[in-house]
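Dear colleague,

I am passing on the structure below, and after it you will find my notes on what turned up when I went through it.

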Amino acid sequence: MHNSARYVIFFQYIGTHYSGAVKVPPQQLGRKMGVQDHLEEAMRRLRPLHPVSLWVSSRTDAGVHALSNSAHFDLQRTNDKPPFTEDVLVEALNFHLRAEQIRVTRALRVPDHFHARFRARSRTYVYRLALGVAHRSLLPLTEGNLCWNLHDKKLDVGAMREAAALLVGTQDFSSFRAVNADIHLKSPVKTLDEAGVQPGSSFVHAHFHREIPFWELTFTSRSFLYKQVRRMTGALVAVGRGQLSVGQLQELLEARDSLAYPQGLAAPAHGLFLTRVDYADSDLQLSQGVSSGNSED
């Protein structure tokens, strides 16, 4: 039908109150809902001709945040109304999401063959660390669930960077994935394009009564294994604390065994942000002659 359109949306959320990015299975209803549940409910309120299902690009865990996740969906309006314009779609979805810590930042009309998950060229995660903070209650209000507070006043950043360099490239990351139902279905070989350690800052650093050192760990890859980023972060922080040597991290990587990863070492979910999902411009462009929509309601 001429009034059916495929869109990709980019959206952000504070993950504290959600079970993760994707929807909660029916048998688990009663727990926290997923971000996808709320997005699909907002779309239901747009009164489409058929129920709308999202294909989310990145399955972030419970408590993990996103500055830019993405998803695609098909939407057909009733009564042969033309497709929503991109700006109107963003505004309408955010109106229905106003009670949630979820916001749609951008919408694009895309070709019918576009797939948000499989067309993604890379995903970037940033993990935020706050140093010298004994308890989360001592953080600024804006940081409470948005970083990992460490008692340590300093970390050996040089050793962390040396260890991070060992993770870059194409290799078997079995030691850095957590066990889940898909463990035998997905290859543990991934290509990590970036693993960096850089200074960061508090969101309110200019307005807080004391200086809190922040560091950010950045990881970029086309895809990641289950809890891979949190386990890599935990290992790098252990190197920075002197709990693991650079050589021991290399031995852990070479073990290629998820059970070799030290228990309790993984970083908590609340410091992790999905910051980018990148696509080729050509994958996002409609063919000439296809309108991006002209409806204003």
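I begin with Tyr125, which touches Ser58, Thr60, Leu217, Thr218, Phe219, Phe224, Val229, Leu272, Phe273, Leu274 and Thr275 when residues up to four places away in sequence are not counted. Please keep in mind throughout that this is a predicted model. Tyr125 is found in strand β5, residues 122-131, and with a relative accessible area of 9% it is buried. The unreviewed UniProt entry places a "binding site" feature at Tyr125.

The other position annotated in the record that I looked at is Asp61, which the unreviewed UniProt entry covers with the annotation "active site". Asp61 is found in the loop between β2 (55-56) and β3 (65-76). Is Asp61 buried or exposed? At 19% relative accessibility Asp61 counts as buried, because the cut-off for buried is under 20% relative accessible area. Once its neighbours within four places in sequence are left aside, Asp61 is in contact with Ser19, Gly20, Tyr226, Lys227 and Arg230.

The contacts of Ser70, leaving aside neighbours within four places in sequence, are Val8, Ile9, Phe10, Phe11, Trp55, Val56, Ser57, Ala116, Val277 and Tyr279.

Thr16 and Asn145 are 129 residues apart in sequence and 7.0 Å apart in space, C-alpha to C-alpha. With neighbours within four places in sequence left aside, Thr16 is in contact with Lys32, Gly63, His65 and Asn145.

Turning to the helices, α2 (residues 86-96) has Val88, Leu89, Val90, Ala92, Leu93 and Asn94 buried, and what covers these buried residues includes β1 (4-13), α1 (35-44), β3 and β4 (102-110).

In one of them, helix α3 (residues 157-167) and helix α5 (residues 246-255) pack at an angle of about 20 degrees, with their axes 9 Å apart. The two helices are therefore roughly parallel to each other, and α3 passes α5 in a right-handed crossing. The contact is made by Ala159, Glu162, Ala163, Leu166 and Leu167 on the side of α3, and by Val246, Leu249, Gln250 and Leu253 on the side of α5. By class, the residues of this contact of α3 with α5 divide into 7 nonpolar, 1 polar and 1 charged.

In the other packing, α3 and helix α4 (residues 228-241) meet at an angle of about 145 degrees, with their axes 8 Å apart, and the crossing of α3 and α4 is right-handed. Here the contact is made by Ala159, Met160, Ala163, Ala164 and Leu167 of α3, together with Met232, Leu236, Val237, Val239 and Gly240 of α4. The contact of α3 with α4 has 9 nonpolar residues, 1 polar residue and no charged residues.

Asn79, whose place is in the loop between β3 and α2, has a positive phi of about 55 degrees although it is not a glycine, and at 69% relative accessibility Asn79 counts as exposed. Arg256, placed in the loop between α5 and β10 (272-278), has a phi near 50 degrees, again a positive value in a residue other than glycine. Arg256 is exposed too, with a relative accessible area of 51%, and it counts as such because the cut-off for exposed is over 50%.

How values were computed:
Residues are numbered from 1 along each chain as its sequence is written. This is a predicted model: local features need pLDDT of at least 70, side-chain atom pairs count only at pLDDT 80 or more; totals for chains, interfaces and linings use all residues. Side-chain values use heavy atoms; hydrogens and water are left out. UniProt positions are given in the numbering used here, feature names are shortened, and annotations may be inferred rather than shown by experiment. Helices (H or I, at least four residues) and strands (E, at least two) are DSSP runs, numbered from the N terminus. Buried means under 20% relative accessible area, exposed over 50%, partly exposed in between (1.4 Å probe, protein chains only). Contact means heavy atoms within 4.5 Å. Axes are lines fitted to C-alpha atoms, for helices over the stretch in contact, and angles run from 0 to 180 degrees between N-to-C directions. Angles under 35 degrees count as roughly parallel, over 145 as roughly antiparallel, 65 to 115 as roughly perpendicular and the rest as oblique. A crossing is left-handed if the near helix is turned anticlockwise from the far one by less than a right angle, and right-handed if clockwise. Ala, Val, Leu, Ile, Met, Phe, Trp, Tyr, Cys and Pro count as nonpolar, Asp, Glu, Lys and Arg as charged, and the others, Gly among them, as polar.
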